[in-house]
Amino acid sequence: MFEDLRELYQEVIFDHNRNPRNFRVMADANRKVEGFNPLCGDRLTLYLKMDGDKIADASFQGSGCAISTASVSLMTEIIKGKTETEADALFKIFHEMTTGKDEQINLEAVGKLAVLAGVREYPARVKCATLAWHTLDAALKNEQKSISTE
Amino acid sequence: MTTFPIDKIRADFPILAEKIRNKPLVYLDSGASCQKPNAVIDSISHVYRHEYANIHRGVHTLSVRATDKFEAAREKVRGFINAASTKEIIFVRGATEAINLIAQTYGKANIKSGDEIVITAMEHHSNIVPWQMLCEQTGAVLKVAPMNTKGELIFDELSALLNDKTRLVAVAHMSNALGTINPVEKIIAAAHALNIPVMLDGAQAIPHIAVDMQALDCDFYVFSGHKLYGPSGIGVLYGKQALLEAMPPYQGGGDMIKTVSFEKSTYAGLPHKFEAGTPSIADVIGLGAAIDYLNEIGMANIAAYEAELLAYSTQQAKQIKGLRIIGEAEDKGAILSFVLDKIHPHDIGTMLDSLGIAIRAGHHCAMPVMDFYGVPATARASFAMYNTKAEIDVLMDGIKSLIEVFG
Ligand SMILES: Cc1ncc(COP(=O)(O)O)c(C=O)c1O
């Protein structure tokens with residue numbers, strides 16, 4: 001019945017929505033930032049444990065739509081063990097993949113995150129996918145505050 | 001209801017024939033904005049083709065023609081809400097501007113530090129923020145009357161908030177997030193017993209309920225044209241003449257003055273005192289056409305038909321496991337707000353959109369209502385006179401299928 005939506009709602013997204021990874025409070029986090037999308041009320045708290053410039057651990061709490069939940073869940077998986085520079089590079093590619101005009105994005109570079117490429121056809125949903133990454137960006141810049149997509 | 005001319009009405013709204021994602025459009029977002037009948041679309045293009053010029057300014061024929069049409073629309077609005085005089089009908093951009101106007105003119109002139117303004121827990125942001133701004137400017141205090149879990153105003157609690165410091169009660173006639181219709185007659189009686197004026201936010205109520213300013217006896221009533229099958233960018237502030245006379249103007253400029261010199265200007269009489277600058281001329285005339293159209297069908301017929309749609313949709317929704325209706329007031333207009341277990345309203349919105357169904361998903365500019373129910377957002381189907389039970393079936397089938405897909 002929802003054939004048109006297969007690109008947007010891939011099975012991986014349903015899976016992460018049903019069973020979000022790294023969905024927990026991190027007691028010994030040394031970075032903690034809240035992300036908020038006032039348009040839809042999505043709220044998430046991102047926890048990072050930094051070891052030098054390496055992301056030793058990442059987790060989150062909060063509630064959001066399937067796209068935003070899957071996005072943050074996938075993100076916490078993929079950034080673990082990455083350096084700040086590597087995570088920042090991923091953010092840039094992810095941003096390009098979800099908002100850019102360029103057809104030729106290197107999907108290999110984003111790995112599993114490619115399942116979120118479909119949102120670029122749904123301008124109303126792009127922010128759902130990017131909230132996690134904007135929150136990460138703030139956390140990496142060590143901005144201990146809430147960020148908002150608006 | 002005998003025979004509501006639903007087929008004719010649907011044929012009058014050309015956009016209803018539109019295909020969305022290759023499916024027939026099922027438009028269930030009239031609470032956000034209504035679609036427009038040919039009568040309105042044609043009247044606007046007629047104005048620009050045959051009757052357009054600036055109003056109240058020219059001796060030439062076209063200006064006279066436009067002015068006559070514009071003022072005739074004011075008379076149509078007066079008749080539609082049974083105000084005593086066209087002097088009490090002020091054209092503004094919409095409900096939001098009307099409320100800001102009241103806050104910044106009536107409010108600034110009459111509300112002082114320590115005074116109180118009473119609203120309810122179910123207000124739209126546009127009936128919260130202008131009062132908060134006024135409170136910040138004056139030191140007045142905003143008091144919020146609570147509601148129960150069905151989404152009904154607790155009238156006794158509102159009553160208990162009224163005292164000799166209360167300067168205004170500002171209440172939604174009908175809630176956009178819940179559909180609740182408030183007991184406005186009782187509220188007005190209670191406030192007037194203490195000489196407190198009452199403003200009703202009629203943005204949601206106006207397309208569903210016949211209103212009569214003289215019978216209601218409210219002091220201010222505001223609504224937007226675009227939710228009344230009229231154009232966007234135009235709305236109405238009704239105010240009792242004596243109150244409007246005593247209020248300072250809102251904006252200064254052309255049309256709102258009697259005389260201007262560099263020493264002093266004097267202001268025009270009502271309603272022009274509050275209509276500075278060139279208004280949305282064709283849209284006001286279009287709003288008049290919408291009112292003619294509604295009068296032809298009859299507000300009582302519309303209300304009866306929509307009550308059936310609401311009852312049917314409510315009954316169907318209750319059969320769906322995992323669906324929770326948000327807002328179950330006894331007295332309710334044609335709005336079905338709901339949440340689904342473990343499925344975010346935005347996903348509901350996108351999924352239904354792929355089936356051609358337009359609903360609203362979000363906080364509906366009523367974040368305090370969302371907080372009250374402990375949800376980040378709801379999905380909302382809002383019905384208008386052009387919707388059908390068959391469309392409600394499409395909606396319900398869509399909801400059932402998406403629940404399945406989410407598993
Ligand atoms: C109850 C209520 N009040 C006020 C408004 C504001 O109307 P507008 O945006 O047309 O000014 C709305 C619109 O959604 C509403 O539903």
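User: Which elements of chain B do the buried residues of H11(B) pack against?

Analyst: The model is predicted; local features need pLDDT of at least 70, side-chain atom pairs count only at pLDDT 80 or more, and totals for chains, interfaces and linings use all residues. Residues are numbered from 1 along each chain as written, chains are lettered from A and ligands numbered from 1 in written order, and side-chain values use heavy atoms, without hydrogens and water. Buried means under 20% relative accessible area (1.4 Å probe, protein chains only); contact means heavy atoms within 4.5 Å. The partners are helices H1 (6–12), H3 (61–81), H10 (281–297) and H14 (389–406), plus strands E13 (323–325) and E14 (335–340).

User: How far does helix H11 of chain B reach from its first C-alpha to its last?

Analyst: Helices are DSSP runs (H or I, at least four residues), and strands are E runs of at least two, numbered from the N terminus. H11(B) covers residues 299–318, 20 residues. The expected span is 1.5 Å times one less than the number of residues. That gives 28 Å, and the helix reaches close to it, at 28 Å.

User: In what pattern do the helices and strands of chain A follow along the sequence?

Analyst: Chain A has five helices and four strands. Read along the sequence, the pattern is α-β-β-β-α-α-α-α-β.

User: What share of the 150 residues in chain A is buried?

Analyst: The C-alpha atoms of chain A fill a box of roughly 45 × 30 × 30 Å along the principal axes. Buried residues make up 53%.

Note on methods: Buried < 20%, exposed > 50% of the residue type's maximum accessible area, 1.4 Å probe, protein only.
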